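Keep the picture at hand while you read.

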Amino acid sequence: MSGQKFSFNFPGLYSGPGLYSGPGLYSGTAFLIAVLAFGYATQAMGDDACAPTLAMSDVHFTEMQPPRLSRTWSAVVAVDASRCAAKATGTFEIVFVREKETGPDLEFRERFVWRAPSVKVQVDFAADEAVQSYRIDNVTACDCGG
């Protein structure tokens, strides 16, 4: 951004002497107040919320299990909640893309609860289904540690 100059033009924001000089003053002032309020609210939310770091390991997909003819996908989710308050907990989702032998691929989500230091998660699939891909999404924030 070095060398760039920015100018802001608020027509009617100030159009001469007097406290109120027409509708331009009100709309420009309202816009400026809205921008400042949004900035303050965003900063305040950032001060009160932290987020844990989640990482998957030990991912496993079992062989078909009789009598239900299902398979189980499982993983261990490591939770680094060092920025969070003691004993913090929250939720997260794993987004799966499921392959099926006789149907189209399907994206779906499963919700789980996180807590440090780790959680084991599992999802059942039919015998003719497989996991094409998976990822962590929508991790809830936590109160920051002191």
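In this predicted model, strand 3 (residues 70–80) and strand 6 run antiparallel and are joined by nine bridges. To find one of these places on screen, look for Val76, whose bridge partner in strand 6 is Lys120. Both strands belong to an open sheet of three strands with the order 2-3-6 and antiparallel pairing. Its edges are strand 2 (53–61) and strand 6 (118–126), each of which pairs on one side only. From one strand to the next, the twist averages 25°.

Strand 4 (residues 89–100) pairs with strand 7 over eight bridges, in the antiparallel sense.

Strand 7 covers residues 129–137 and includes Asp137. Which residues does Asp137 contact, leaving aside its neighbours within four places in sequence? They are Phe92, Glu93, Val95 and Arg109. Asp137 and Val95 are 42 residues apart along the chain, yet their C-alpha atoms are separated by 6.8 Å.

The cysteines come next. As a reminder, a disulfide is a covalent bond between the sulfur atoms of two cysteines. The count here is two disulfides, and with bonded cysteines counted along the chain, their pattern is 1-4, 2-3.

| Disulfide | Sulfur atoms apart | Angle about the S-S bond | Handedness |
|---|---|---|---|
| Cys50 and Cys144 | 1.8 Å | 105° | right-handed |
| Cys84 and Cys142 | 1.9 Å | -70° | left-handed |

What does the link of Cys50 and Cys144 tie together? Cys50 lies in strand 1 (residues 49–50) and Cys144 in the segment after strand 8 (142–143), so this pair ties together parts that are 94 residues apart in sequence. Cys50 counts as buried, at 8% relative accessibility, whereas Cys144 is partly exposed, with a relative accessible area of 29%.

For the link of Cys84 and Cys142, the sulfur atoms are 1.9 Å apart. Cys84 lies in the loop between strand 3 and strand 4, and Cys142 in strand 8, so the pair ties together parts that are 58 residues apart in sequence. Cys84 is buried, with a relative accessible area of 8%, and Cys142 counts as buried at 5% relative accessibility.

Methods:
Residues are numbered from 1 along each chain as its sequence is written. This is a predicted model: local features need pLDDT of at least 70, side-chain atom pairs count only at pLDDT 80 or more; totals for chains, interfaces and linings use all residues. Side-chain values use heavy atoms; hydrogens and water are left out. Helices (H or I, at least four residues) and strands (E, at least two) are DSSP runs, numbered from the N terminus. Contact means heavy atoms within 4.5 Å. Two strands pair if DSSP finds at least two bridges between them. Axes are lines fitted to C-alpha atoms, for helices over the stretch in contact, and angles run from 0 to 180 degrees between N-to-C directions. A disulfide is a pair of cysteine sulfur atoms within 2.5 Å. Buried means under 20% relative accessible area, exposed over 50%, partly exposed in between (1.4 Å probe, protein chains only).
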